[in-house]
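This report goes through one protein chain part by part. Please look at the sequence and the structure before reading on.

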Amino acid sequence: MTSRYRSSEAPQGPNSPSPRRRTVVKAAAATAVLAGPLAAALPARAAADTPAFLHGVASGDPLPDGVLLWTRVTPTAEAIPGSGLGPDTEVSWVVARDKALTNIVAKGSTTATAATDHTVKADIRGLAPATDYYFRFSAGGTDSPMARTRTAPAADAAVTGLRFGVVSCANWEAGYFSSYRHLAARGDLDAWLHLGDYIYEYGTGEYGARGTVVRQTAPTHEILTLADYRTRHGKYKTDPDLQALHAKAPVVAIWDDHEFANDTWSGGAENHTEGTEGAWPARQAAAKQAYFEWMPVRPAIAGTTYRRLRFGKLADLSLLDLRSFRSQQVAVGNGTVDDPDRTITGRAQLDWLKAGLKTSDTTWRLVGNSVMISPFAIGSLSADLLKPLAKLLGLPQEGLALNTDQWDGYTDDRRELLAHLRSNAIGNTVFLTGDIHMAWANDVPVDAGTYPLSASAATEFVVTSVTSDNLDDIVKVPEGTLTAIASPIIRAANRHVHFVDTDRHGYGVLDITAERAQMDYYVLSDRTNAEATSAWARSYRTRTGTQKVERTYDPV
């Protein structure tokens, strides 16, 4: 595979639509017998007593000298995800510079146990920077698939280019993960960023594609317990397109709300009924435990996903956790969104982010951001457009111009962060965002009310959903119908917005050089077709030193 890091150094080797709460929640479903439906959800096994790697292999969080490897072993037929069953099983791994795995540079073993749902992580160090590596796990005479990963450049390396896939919002029941397949087929990614909603918590039929279940999830009830969350992660990891992408490049992931429950905040969630669905702290802890078991992500500060990675002198990437510390979303119109005591980041994380941005010595400062930071006013949308857009954004459908689940609901934090960028002359800050199932390219103005007369402090690229419903899906009209109507109105009311596509599904490819950061937006032909094709749609870039977005007419 051709290297995508272009360095002057010589290489050292090779938000979301939210179904309203059900009136009655069947709490007993959370403790339903697992074996029958879950076993049916897994691929067929050749031999019941032979360990198998049914959930693929993955890598993540690349460093200059290492990377985190992941797999899950199924030691016996009954040891399905979330079951708590199965014997302790020794799992070994090898890391090599070649696909044949003959030039081995690291190897080791560990014991997979039911206590961690038979998931395995190996934090490999001592590797060369900016280098492709290949790895495989083994257990009981069975080998996992072989996969490729890549280390980050050395911290002081003069890197000339980086390329990342960018995705968000992959709802199993709404369609197939063709975006992952197309990213895997590129063969030119240094890593891929998952900006949240890697899984969804809903029960079957509660959130499909235009109300239709394309393929059934597991478990079939809403996930509440540790066993439930493990089972749902396990179901996702059986997807062949997701397995293919994990086997081609390391992932850098953060969580958003649906890894827990819709519209999560520090003390609860819209999609959580305290008591009937248990205590929120227990559900939150279960979700976090399953996430760190099943994802190739290093637990960061306070067991969250906020952390920072560096890619030579070209870019660093600050990854945020905008769910664990946030205040509860306010009801629109009560005047409290500006309350300085309310926060989306928490004090410690905001201070950490500000300090990192100020001291950064890279050309670009990327911020992995699960909800949109750019302000958004609805403008003069007609009633037939306003109601579905309000539903998609989680707004009161009478239509007040505010999305309180995004940074719009926490304006003091946003004001402090943007003022910090301006007062310290911190340029080339690019927010990379998911969550709202639409594609956007925005300037991030210091004062949206006077923009473009006021300055832009940063830029933002928002990627659409892999499968989750967006505006045309909610209204159930042909794809592209509403973008043609809504986009000009949204842009007129939000002069900092250069592009918005409300209707299509797909992914982004972010390409970075010293001169510019460019996002290429790709769209799928049909999320409900397992063989969906992919096509380039638009590209936008921000040139170094400008803090402004501009259209460019060719993908990288």
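Contact here means heavy atoms within 4.5 Å.

## A residue in a loop

Leaving aside neighbours within four places in sequence, I301 is in contact with Y306 and W352. I301 sits in the loop between α5 (280-294) and β15 (307-311). The C-alpha atoms of I301 and A348 are 9.9 Å apart, although 47 residues separate the two along the chain. With 39% relative accessibility, I301 counts as partly exposed; buried means under 20% relative accessible area, exposed over 50%, and partly exposed in between (1.4 Å probe, protein chains only).

## The model and the whole chain

This is a predicted model, in which local features need pLDDT of at least 70 and side-chain atom pairs count only at pLDDT 80 or more, while totals for chains, interfaces and linings use all residues. Residues are numbered from 1 along each chain as its sequence is written, and side-chain values use heavy atoms, with hydrogens and water left out.

The protein chain has 10 helices and 25 strands. Helices (H or I, at least four residues) and strands (E, at least two) are DSSP runs, numbered from the N terminus. Of the 556 residues in the protein chain, 62% are buried.

## Two helices side by side

The axes of helix α6 (residues 347-359) and helix α8 (residues 411-423) come within 10 Å and cross at roughly 15°. That makes α6 roughly parallel to α8, a term for angles under 35 degrees. Axes are lines fitted to C-alpha atoms, for helices over the stretch in contact, and angles run from 0 to 180 degrees between N-to-C directions.

Which residues in α6 meet α8? They are R347, L350, D351, L353, K354, L357 and K358, and their partners in α8 are D413, E416, L417, H420 and L421.

## An enclosed helix

Helix α3 (residues 226-236) is largely enclosed by the rest of the structure, because nine of its 11 residues are buried. Among them are Y229, R232 and Y236.

## Backbone exceptions

Most residues other than glycine have a negative phi, and most peptide bonds are trans. The peptide bond from A218 to P219 is cis, with omega near -10°. Another cis bond runs from Y451 to P452, with omega near 10°.

N428, in the loop between α8 and β18 (429-433), has a positive phi near 55°. N428 is buried, at 7% relative accessible area. K476 is not a glycine either, and its phi is about 65°; at 53% relative accessibility, K476 counts as exposed.

Note on methods: Angles under 35 degrees count as roughly parallel, over 145 as roughly antiparallel, 65 to 115 as roughly perpendicular and the rest as oblique.
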